[in-house]
Amino acid sequence: MEKINTYIDQNKNRFLEELFALLRIPSISADSKYKKDVLSAAEYLKHHFQEIGMENAEVCETPGNPVVYADKIIDKNLPTVLVYGHYDVQPATPLDQWESDPFDPVIRKTDIHPQGAIFARGACDDKGQMFMHVKALETMLHTQSLPCNVKVIVEGEEEVGSVNLSWFVQRHLEKLQNDVILISDTSMIAKDIPSITTGLRGLSYMEIEVTGPNHDLHSGVYGGAVANPINVLAKLIASLQDKDNRITIPGFYDRVKEFSTAERQKMAAVPFDEQAYKKSLGIAEVQGEKGYTTRERASIRPTLDVNGIWGGYIEEGAKTVLPSKAYAKISMRLVPDQDWKEISELFKKHFEDIAPKSVEVKVTTHHGGEPYVTPIDGVAFQAASKAMEETFGKKPLPQFSGGSIPIVALFERELKSKVVLMGFGLNSDDIHSPNENYGVWNFFKGIETIPAFYKHFATLTKEEQ
Ligand code: BES
Ligand code: MN
Ligand code: MN
């Protein structure tokens with residue numbers, strides 16, 4: 001690894017500058033105003049792949065945002081690694097909560113990152129983490145130490161549910177054939193507690209429109225006699241959880257897999273400082289489903305959260321109005337073996353059932369994704385474990401994550417290979433939040449660990465044959 005580390009060391013500043021150029025492109029997939037930026041992020045990556053010596057670099061059309069593809073096939077007899085990442089990012093709002101421009105990356109020192117962290121939307125999720133792979137590939141190509149074939153796909157719709165990626169995968173099954181799928185889009189437990197993600201939650205994302213009277217009314221003339229859709233919506237939402245914070249939708253828990261006491265004990269053995277957790281979030285108390293720990297609530301248990309709620313008068317000052325409409329966006333995080341389409345249906349039916357006749361409700365499904373778990377006894381996990389052990393000096397722990405990557409379960413099913421979720425972020429990176437950041441140390445640790453994965457994967461695959 002000597003050559004590899006020297007090359008990384010000698011090119012550190014350029015690697016960062018090239019990442020910064022990508023971070024300056026506001027490739028927000030949720031907002032169509034940024035369509036042009038989404039496309040230019042894709043183009044930037046394509047050119048970059050060409051520059052580092054990858055082949056067949058292409059911006060592939062889909063019904064939605066394009067997928068960037070590139071590969072390097074060095075020997076048909078060697079195993080093939082498929083790398084997946086996403087170049088789209090979450091909206092940066094609320095902008096006034098950022099300490100620096102979300103699309104003008106800067107490095108600032110923090111308590112967690114005394115060597116500095118990159119502050120920008122996408123710094124960690126996922127431009128920074130995806131770009132580690134690009135730079136690791138450059139390093140392996142330049143030092144003639146790539147021990148596997150490699151294919152890369154970087155998509156532009158992950159943050160809006162990867163709605164067109166299955167379309168792409170199904171049309172390119174042959175082209176995407178691989179022996180393992182490597183993804184860095186998750187977090188580790190801590191800088192000194194490396195971990196590999198072995199479970200992801202699924203997701204069901206709903207939108208609700210409540211309509212009361214056919215136009216906005218004077219809240220004095222009509223208030224009290226006509227249902228206020230915001231009041232009604234608030235009550236309905238409140239009823240979706242009971243006093244133990246269990247979700248009240250009939251059938252919601254039917255397919256939820258309970259973890260054994262042994263499994264829960266193993267999870268509880270991983271260090272977790274609840275005091276520090278509360279302090280970092282500025283909360284006096286945690287809350288959640290009765291009978292489960294904070295970490296269980298945020299990983300192996302399903303949830304229901306309002307992501308946004310609006311309606312009525314929200315400008316300066318006061319206006320007395322009984323609004324005609326109220327809206328909410330609600331997401332549910334799902335765990336094995338819940339089915340997101342079934343849960344979306346159960347939600348819709350329940351919400352329509354409990355709505356009073358004084359209003360009309362419209363419930364629509366945005367997108368969803370399946371939950372995911374993977375065993376830790378395969379070659380893929382072992383290669384990642386050995387790679388992290390080599391560069392962190394410590395064996396990584398398996399970890400269930402609370403987040404979702406909708407395409408992971410589909411990849412395994414369609415491409416019939418194993419996914420490895422080897423992420424280098426931290427929960428404190430504030431992904432999706434203002435002041436998203438990614439440790440410079442984490443960025444380079446990733447670039448150093450990825451070649452070690454290729455090396456161990458090549459060796460272990462050979463031993464297996
Ligand atoms: N990279 C995240 C998922 C993630 C974050 C997994 C941290 C594990 C730890 C991904 O970009 C993401 O945000 N996914 C969305 C999926 C949704 C938009 C369909 C999510 O989890 O909200
Ligand atoms: Mn991501
Ligand atoms: Mn994300």
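Let me start with K416, which counts as exposed at 68% relative accessibility, where exposed means over 50% relative accessible area, buried means under 20%, and partly exposed is what lies in between, with a 1.4 Å probe and protein chains only. What we are looking at is a predicted model, in which local features need pLDDT of at least 70 and side-chain atom pairs count only at pLDDT 80 or more, while totals for chains, interfaces and linings use all residues. Residues are numbered from 1 along each chain as its sequence is written, chains are lettered from A and ligands numbered from 1 in the order in which they are written, and side-chain values use heavy atoms, with hydrogens and water left out.

Staying with K416, its phi is near 55°, a positive value in a residue other than glycine, and the residue sits in the loop between α12 (407-415) and β16 (418-421). As background, most residues other than glycine have a negative phi, and most peptide bonds are trans.

T93 and P94 are joined by a cis bond with omega at about 0°, and P94 is placed in the loop between β3 (80-86) and β4 (106-108). The bond from P336 to D337 is likewise cis, with omega near -5°, and D337 is found in the loop between β12 (325-334) and α10 (340-354).

Now to some buried residues. Q129, in helix α4 (residues 127-142), is buried at 1% relative accessibility. What does the side chain of Q129 approach on the backbone of F424? A polar atom of that side chain lies 2.8 Å from the backbone nitrogen of F424. Leaving out residues up to four places away in sequence, Q129 touches A123, C124, S184, D185, T186, G423, F424, G425 and Y438, where contact means heavy atoms within 4.5 Å.

C124, one of those partners of Q129, is itself buried, with a relative accessible area of 4%, and C60 is buried at 4% as well.

S187, in strand β8 (residues 187-188), is buried with a relative accessible area of 12%. Its side chain makes a polar contact of 3.0 Å with the side chain of N427; such a contact is a pair of N or O atoms within 3.5 Å, where within protein one must be able to donate a hydrogen and the other to accept it, and residues adjacent in sequence count only if both atoms are side-chain atoms. Beyond four places in sequence, S187 touches S195, T197, Q399, G423, G425, L426 and N427.

Y454, in helix α13 (residues 440-464), counts as buried at 0% relative accessibility. Y454 and A387 are 67 residues apart in sequence, yet their C-alpha atoms are 8.4 Å apart in space. Setting aside neighbours within four places, Y454 is in contact with residues including V81, V83, L137, M140 and C148.

I will finish with helix packing. Two packed helices are described by the angle between their axes and the distance between the axes; the axes are lines fitted to C-alpha atoms, for helices over the stretch in contact, and angles run from 0 to 180 degrees between N-to-C directions. Helix α1 (residues 2-10) and α2 pack at about 60°, with axes 4 Å apart. In that pair, Y7, I8, D9 and Q10 of α1 meet K12, R14 and F15 of α2, giving three nonpolar, one polar and three charged residues. Ala, Val, Leu, Ile, Met, Phe, Trp, Tyr, Cys and Pro count as nonpolar, Asp, Glu, Lys and Arg as charged, and the others, Gly among them, as polar.

How are α2 and α3 oriented to each other? The axes of α2 (residues 12-23) and α3 (residues 35-51) come within 10 Å and cross at roughly 155°, so the two helices are roughly antiparallel; angles over 145 degrees count as roughly antiparallel, under 35 as roughly parallel, 65 to 115 as roughly perpendicular, and the rest as oblique. E18, A21 and L22 of α2 make this contact with A41, Y44, L45 and H48 of α3, and by class the residues divide into five nonpolar, one polar and one charged.
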